[in-house]
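Good morning, and thank you for coming. I would like to take you through one structure today; please have it on your screens.

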Amino acid sequence: MSVHTFPDKNAAILALANRIDDVANMSIHSNDKFSIVLSGGSTPQQLYQTLAEPPFRDSIPWSKVFFFLGDERYVPLTDDESNYKMIEESLLKPLNISDNQVFKYNTNLPPEKAALEYQQYIQQYFKNDKARFDMVLLGLGDNAHTASLFPNTNILSDKTPAVKSVIIKEPDTYRLTLNAPMINQAIHIAFLVTGQPKAMAVHQVLEGKEDCALYPAQLIRTELVDWYIDEAAGNFL
Ligand code: 6PG
């Protein structure tokens, strides 16, 4: 695992955009396609906007990129809370990405069925081979959750790669998420975490006591994990 610390959010985003450019072009050179799992929330929006502008708009063969979401809130995809809506507006529409390159959760289905259907999409994409995404992007909540792997939820103990539905408290809502074994199978994993409010969570995950129930992002621990953080988020390291 490597931690890359930058003076500010802009610098961290530019560095991660360059990393994505490199990995995407390597994957496309080798396999003629690149699968990326996108994170939600607010932090990555600027990253996606950066990727949709020059030079990255022109340096990545976007028609060979396939987009997945690491997690989704159980709301209509047109809802302001939807991760898909944020990704569509900041990345997919500006790049004119065609719908058949994007794998969305069907939040019109009951949560468990929506999770199962997404898992089937993944299995079909990987032709029932081991589902190894070329890259997974992750964020970190100030309670040390990542994707929708929240503290003290039952899916944290999963051992088999899967897509799961989970109820989170305050407010009681459903989330849909890749579980940790599915994320850890990826070839490259990158966290993007910025801002002082995340500093304690970053410290707890990277240097705190081993307690994945309390700090779920500790579950994402393969040697291929890179952290892209700004100095504010790294303040307690
Ligand atoms: C989500 C994300 C979640 C996010 C963290 C950080 O659906 O919210 O997938 O895991 O990455 O909550 O969110 P912010 O970037 O908004 O702080």
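In which loop is the place of Pro55? Pro55 sits in the loop between α2 (45-51) and α3 (56-59), where helices (H or I, at least four residues) and strands (E, at least two) are DSSP runs numbered from the N terminus. A cis peptide bond, with omega about 0°, joins Pro54 and Pro55.

A word on the source. This is a predicted model, in which local features need pLDDT of at least 70 and side-chain atom pairs count only at pLDDT 80 or more, while totals for chains, interfaces and linings use all residues. Residues are numbered from 1 along each chain as its sequence is written, and side-chain values use heavy atoms, with hydrogens and water left out.

Let me turn to the ligand.

Polar contacts are pairs of N or O atoms within 3.5 Å. In the side chain of Thr43, an N or O atom is 2.6 Å from an oxygen atom of the ligand. For Ser42, a polar side-chain atom lies 2.7 Å from a ligand oxygen, and for His145 the corresponding distance is 2.7 Å. Taken alone, the ligand exposes 410 Å², of which the protein buries 88%; these areas come from the Shrake-Rupley method with a 1.4 Å probe.

What lines the largest cavity? Its lining consists of Ile20, Ala24, Phe34, Ile36, Leu38, Leu51, Ile60, Trp62 and Phe67. By class, the lining has 9 nonpolar, no polar and no charged residues.

Finally, two backbone points. Lys127 is not a glycine, yet has a positive phi of about 50°; it is found in the loop between α5 (111-125) and β5 (135-138). Asn152, also not a glycine, has a positive phi of about 60° and lies in the loop between β5 and β6 (163-168).

Definitions and conventions:
A polar contact is a pair of N or O atoms within 3.5 Å; within protein, one must be able to donate a hydrogen and the other to accept it, and residues adjacent in sequence count only if both atoms are side-chain atoms. On a 1 Å grid over the protein atoms alone, a cavity is a set of points where a 1.4 Å probe fits but cannot get out, and a pocket is an open set with protein on both sides within 12 Å along at least five of seven lines; lining residues have an atom within 4 Å of a point. Ala, Val, Leu, Ile, Met, Phe, Trp, Tyr, Cys and Pro count as nonpolar, Asp, Glu, Lys and Arg as charged, and the others, Gly among them, as polar.
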